[in-house]
Amino acid sequence: MKAIRRFSVRPALPEPLRPLSELARNLRWSWHPETRDLFHTVDPGAWRAAGGNPVRLLGGVHRDRLEELAGDRGFLRRLAVASGDLQDYLSEPRWYQHAGSGLPAAIAYFSPEFGITGALPQYSGGLGILAGDHLKTASDLGVPLIGVGLLYRHGYFRQSLTADGWQQESYPVFDPNELPLQVLREPEGGTPVRVELRLPGGRSLLAYVWQALVGRVPLLLLDSDVEENAPGERDITDRLYGGGSEHRLLQEMLLGIGGVRAVRAYCRTTGHPEPEVFHTNEGHAGFLGLERIRELRGTGLGFGAALETVRAGAVFTTHTPVPAGIDRFDGELVARHFGDDGELPGVAADDVLRLGMEEGGDGAAQGGTRRFNMAVMGLRLAQRANGVSTLHGDVSRRMFAALWPGFDPDEVPIGSLTNGVHAPTWTARSVPAEPGAVKDGALWELRRTLREELVHEVRARLYASWRQRGASHAELGWTDSVFDPDVLTIGFARRVPSYKRLTLMLRERERLRELLLHPQRPVQIVVAGKAHPADDGGKRLIQELVRFADDPRVRHRIVFLPDYGMEMAEKLYPGCDVWLNNPLRPLEACGTSGMKAALNGCLNLSVLDGWWEEWFEPDFGWAVPSADGAAADDENRRDDIEASALYELIGDHVAPCFYDRSQNGGVPGRWIEMVRQTLTRLGPKVLADRMLRAYVDTLYAPAARAQRELLPEVAHGLAEWKARVRAAWPGVVIDHVETAGDSGGGQAPEVGASLALRVRVALGGLGPDDVEVQAVSGRVDETDRITGADVVRTALKPTSGPDMEGRWLYEGPLVLDRTGAFGYTVRVLPAHRLLTGGAEMGLLAVPSESSAAVSDGTGGVLMR
């Protein structure tokens, strides 16, 4: 019979086994092998049945077994060691505690998804895995982070295939009481903490706050499954990236606004220091800045001053390389939820809308409807922003350049900080800590062992998949011979949006078959990935690949494994010899899966995109060339060219290198040297330790200093100054520009010569302390644009003024420090000690054609 209600009964552990409960509740076990071994010892069969979830394991172990373990002195010694090790880990000073003074007391890190472990399935792909690695690394380094997200009762989705290869989704229900979570409770009385949001029509949205312990880092997850909520509100946190527009808006309001309230409750109930810095991981959590403005408005601070205070302590990271990947909402929908009848009392709905309007806040219309852009709001609410690789930083500056009109994309204030991965999570236990000292033969044998483990994993998962698709046991004997532990193995596993080009490998199927079935140098390929449930195009790509892999001629050499997740990934990365990545450049923001593979000695074969564009060397793998020129604009021709290059690389370079056993006792010397170089030289670069230290040094610490400096009166003064500058800026005009050179006779000046530059500027009622007048010089291209990395910006000094018309004279030298086509211009920018740079306000004044006067003797120096 079907139960009418389900609930979890907590196990009553014998006293000697009580430390098991604490070990199970702290997710450090997910990257601490010795603790996982301990849980495996409790009951190997139950551990597997529990999916590696120790909370579920302890709830299912028979009491007789627990009593047996309570009397097992060997087990109790191991338990005492594991428990003591966790206590030392949680209490001893780490890197952050020795990193210097003035660092933030705490940082709140908001993300819509977190991939900590497969036992806590609250992620869909790279964004969540990155967030999980961020938290784990913060714990290892002692960085006082507080993670904030949502608890999705159905997670993302489980993937299976139909008989004809079509993706199917299922949504299992997760009981928080069977997960490594505890509800946050009030210290007095123990009642659950709840946060509340106001909704239109007098309704409320309530949420519990569940706490996961990620080592030293608390992760707060908001859960709308509260009995007092109406059915619609109760389901707000049902699925990750599910539901319609209003459903998504309410998810993001709960994440941002409710998340700040959850942080305040957590700090109040536990005594944890309040965050000085708030980090928004992608735009989904952007409403957190509005809640912080509301808090400050409640202290009497005006909107402008509150906005400046919030911006000073905020960091925004964008992961999206295409505008279509950003959440946008109908402006009227947003206005309805933030009006007088909705959230954020004291913050006008028009002020909210202005922060999210595109293209400089002009209410950009699409079909006559204003669109509210979450990434745009995130950028306007954060003084510091970054992309997640050097190339992605450049893409982001160009993508959002319209928010800083008049500035070249290179000056848009979005930096870059390349992602990293958490080595203890993603490195196989058998990979040596000092690979440089391992002999070639031993390293080659290790790689074969890891490949063999993957072969067994592939066979088991493929068999299970075919059974789900309706095949009988009797017709699946062929799966026992799928893959070969001595064959070159290529892996391709990721989400399946169109730009990642899952099926590029199928472009010329006969060439692919030849590679798979080569008599001397065969290749085998394991593929995995999920398409978004609403993305039928992605599902068709999966079906196309599955149908190819079902062909009896090649099905022993190419497989598609459904339900890609962290457990599968932990086998794929070490077991593959080559990690394939062929996105449409430059649409891969970072692509951290290749980093995880590299930590295990797997070589990368990738388009020069994301992190690979930054750190590629021939010693680490191969670069798939991207089509350029006219071919890049023709989708079919581009894919033909790049697929052909991929086949050629595999057939003529990758496979021959792997199978070259002519010397070194049957070990492929060049291949093993590349593995060694990947482990010793590339491995340290891709670590999340490097990433998080850079976040602390270049983003968190400066944000904390800026936040501390903005006392209420300082914030008020800065807001007033910005308002005054914006109001006066239309009157800022470069009235006249002239130069005088030190070379005569009308000849072109020589390198090293100096020009005297004089600029007359009307400041529109502003003073010289409010602006900086700059000369910008450098090489020019055929269109007279000043280009290149060596552009020089020189501040000019006021020498007289104001005159009767309110104009000031600025002067300074212009040194001609290079030969060839050279040009300069002048411009005026706002200047204030609390600005992070001249482009921050998006205001500048440049000369008109009529204001430029070139004196004799400049030798044709360009001025535009």
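Visitor: Which residue forms a salt bridge with E332?

Guide: This is a predicted model, where local features need pLDDT of at least 70, side-chain atom pairs count only at pLDDT 80 or more, and totals for chains, interfaces and linings use all residues. Residues are numbered from 1 along each chain as its sequence is written, and side-chain values use heavy atoms, with hydrogens and water left out. A salt bridge here is a side-chain nitrogen of Lys or Arg within 4 Å of a carboxyl oxygen of Asp or Glu. At 3.4 Å between the closest N and O atoms, the partner of E332 is R370.

Visitor: How many residues apart are E332 and R370?

Guide: E332 sits in helix α12 (residues 331-337) and R370 in strand β13 (residues 369-373). Helices (H or I, at least four residues) and strands (E, at least two) are DSSP runs, numbered from the N terminus. The pair links distant parts of the chain, 38 residues apart.

Visitor: Is R248 buried or exposed?

Guide: Buried means under 20% relative accessible area, exposed over 50%, and partly exposed in between (1.4 Å probe, protein chains only). R248 has a relative accessible area of 17%. That value makes R248 buried.

Visitor: Which residue meets R248 in a salt bridge?

Guide: R248 lies in helix α9 (residues 245-270), and its partner in the loop between β10 (314-317) and β11 (328-330), so the pair ties together parts that are 79 residues apart in sequence. The N to O distance is 3.0 Å, and the partner is D327.

Visitor: What is the relative accessible area of R547, which meets D164 in a salt bridge?

Guide: The N to O distance between R547 and D164 is 3.9 Å. R547 belongs to helix α19 (residues 536-549), 383 residues from D164. D164 counts as partly exposed at 38%. R547 is also partly exposed, with a value of 48%.

Visitor: Which are the edge strands of the open sheet of six strands?

Guide: Two strands pair if DSSP finds at least two bridges between them. The order is β18-β17-β16-β19-β20-β21, with parallel pairing. Pairing on one side only marks the edges, β18 (558-561) and β21 (621-624).

Visitor: Which residue in β19 stands opposite G491?

Guide: Strand β16 (residues 488-493) runs parallel to β19 (residues 578-581). Two bridges join these strands. Opposite G491 stands W579.

Visitor: How many residues of helix α20 are buried?

Guide: Helix α20 spans residues 566-575. Its buried residues include M566, L572 and Y573.
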